[in-house]
Amino acid sequence: MTLRNPIVFIGSIAVVFAILFLWWLASVTGTVSRAFVPNPFDAWAALVRGFSRGDLLPQTIGTVGRMLQGWLLASLIGVVLGAAIGLSRTARDYLQPTLEFLRPLPASAIIPVAIALMGLSPGMALTVVAFGSLWPTLLGTIHGFAAVEPRLKEVARCLQMSGPAFAWKIGLPNAMPDILAGMRLSMTVALILAIICEMLASQAGLGTAILLAARAFQSSELFAGIALLGAIGLVSNLALRAVEIRALAWQNSH
Amino acid sequence: MLARPPEPAIAFDAIRVDLGGKTILTDITLDVKPGEFICVMGPSGCGKTTLLRVVAGLVQASAGKLSLFGKPVQGPSRKVSVVFQDYGRALLPWRDAAGNVALALEAAGMPRAEQRPLIETLLAKVGLKDHAHKFPGQLSGGMQQRLQIARCLAQDPEILLMDEPFGALDAMTRQQLQDEVLALAAERNTTVFFVTHDLEEALYLGDRVVALLPNPGRLARIVDVPLARPRNQLATREHPDFLAMRRDLFDMMHETH
Ligand SMILES: Nc1ncnc2c1ncn2[C@@H]1O[C@H](COP(=O)(O)OP(=O)(O)OP(=O)(O)O)[C@@H](O)[C@H]1O
Ligand SMILES: [Mg+2]
């Protein structure tokens, strides 16, 4: 999402409107049944209604809160653990195979395990979201700390820098691009898992809301919920991207 | 009573270095006097960088003894600073010029308030006064190398090690930096151990030139360079003694090859 070219920017907006138009066209011409796909105006009305009179606001807060808590926990663990592993050759040699095994596991695969251990509790949801969204940040951090230019390690040795000083002044800034990219991916995973956990454990949130709307064939409410989820993903991604651009200004200064 | 001669700044005593099961350097014995500008030259692969890294404490000698001002080398020390050839990799790309100089001061535990004026002085000294807030990526090669030199000066080193520091720079910048380094070293009476593969550069800069031969790396010649200081890019390089020494060393390097 960079404003590289105003024409491209206008074009990308036009694409959004074209899709909305096709959606509207499909619903008014009766190409698909109203029970499955609502008119976009009805979906918008449902959205407004949900916020002004219904439960949409507390549900959104519930989902965003669940996502953010799990994501923050994952980011904290990922950065601290990743720094420790990335800084130590020995730790990497011992842990890399395990990490390579765990990484490709679909995050949702651990949900049954978490339910068995913790029941359908908020703690289960937090654990699943945190565990599932840990990997991009953890692996990014490990790579970022491990990939410090050897010459800079020598500079640090020549300056007799302490281990913590090296981690803080050289390791962390070097890992920053990987950490932030990992955290952005983690955020997406966290949103997905928050929704799945809500659906499975019926905790108040958008996941439950869209599941119930679908069961009741309330397609306007269903689409309003889905659009809201998309907006949450978009906004959180843009926010993190803005942080990235600020924090990594040195990369773009060439 | 006779005054005791000062301890040599760098004393190599029968140094041998083996790396990867191969002898890279052997039988290096040499005393470098405090304040001396010594140039080490020789063909590629003869072990110049390795010898410099031994002095820096980054590589351990396999045999022999190395002392700096009478003290055996245990490892890297802030009293010894290294200017690497690949300046682009030796700087922190995420810190601006001032921040890169600050790294050395932070390592020495200097309070932040005292760092500021010193950073300004150092950057001015290497001609980067107006570039304090630029990142390395925004500086030319010559400016980046100047920045690395400023960081090394910030260590206030007793010994300055330079490994082909100007090898990647164009001829003009190279000559400018040669003169700047000569002036800086003279000003602080720093001992400089300067590695180059360029015979003329070695003669232009050095009080003495050490020529190495390869396979394994060993001392071939140690030549005194009694040319007047301050040196001058034109006058010094045209001086008959300079030309004679150049010819002499040139022939020597080519005969034994
Ligand atoms: N860590 C190492 N392990 C094994 N061999 C090494 C190592 N470092 C250097 N060598 C070998 O030691 C020899 C000397 O290397 P060195 O880099 O000191 O040469 P140099 O004189 O600096 O060459 P150049 O002018 O190309 O920089 C080379 O043959 C090199 O392959
Ligand atoms: Mg070399």
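At the start of helix 1 of chain A, a side-chain oxygen of A:Asn5 comes to within 3.0 Å of the backbone nitrogen of A:Ile7. Helices here are DSSP runs of H or I with at least four residues, strands are runs of E with at least two, and both are numbered from the N terminus. The model is predicted, with local features needing pLDDT of at least 70 and side-chain atom pairs counting only at pLDDT 80 or more, while totals for chains, interfaces and linings use all residues. Residues are numbered from 1 along each chain as its sequence is written, chains are lettered from A in the order in which they are written, and side-chain values use heavy atoms, leaving out hydrogens and water.

Helix 1 covers residues 6–28, and because 23 residues at 1.5 Å each should span 33 Å, the 33 Å between its end C-alpha atoms agrees. That expected span is 1.5 Å times one less than the number of residues. Just after this helix, A:Gly30 takes a positive phi of about 75°.

Further along chain A, A:Ala83 sits in helix 3 (residues 56–87). With 15% relative accessibility, A:Ala83 counts as buried (buried is under 20% relative accessible area, exposed is over 50%, and partly exposed is in between, using a 1.4 Å probe and protein chains only). Leaving aside residues up to four places away in sequence, A:Ala83 touches A:Gly78, A:Thr141 and A:Phe145, where contact means heavy atoms within 4.5 Å. A:Ala83 and A:Ile142 are 59 residues apart in sequence, yet their C-alpha atoms are 6.0 Å apart in space.

Now for the interface: 17 residues of chain A are in contact with 26 residues of chain B. The rule finds 3 salt bridges across the interface of the two chains, a salt bridge being a side-chain nitrogen of Lys or Arg within 4 Å of a carboxyl oxygen of Asp or Glu. B:Arg53 and A:Glu154 meet in a salt bridge through their side chains, at 2.8 Å from N to O. Helix 7 (150–158) and helix 8 (163–201) of chain A each supply at least two residues of the side that touches chain B. The largest share of that side, 6 residues, comes from helix 7 of chain A.

Between those two helices, the loop holds A:Gln160, whose phi is near 55°, a positive value in a residue other than glycine. A:Gln160 is partly exposed, at 40% relative accessible area. In chain B, phi of B:Asn189 is also positive, near 55°, and B:Asn189 counts as exposed at 52% relative accessibility.

Note on methods
A polar contact is a pair of N or O atoms within 3.5 Å; within protein, one must be able to donate a hydrogen and the other to accept it, and residues adjacent in sequence count only if both atoms are side-chain atoms.
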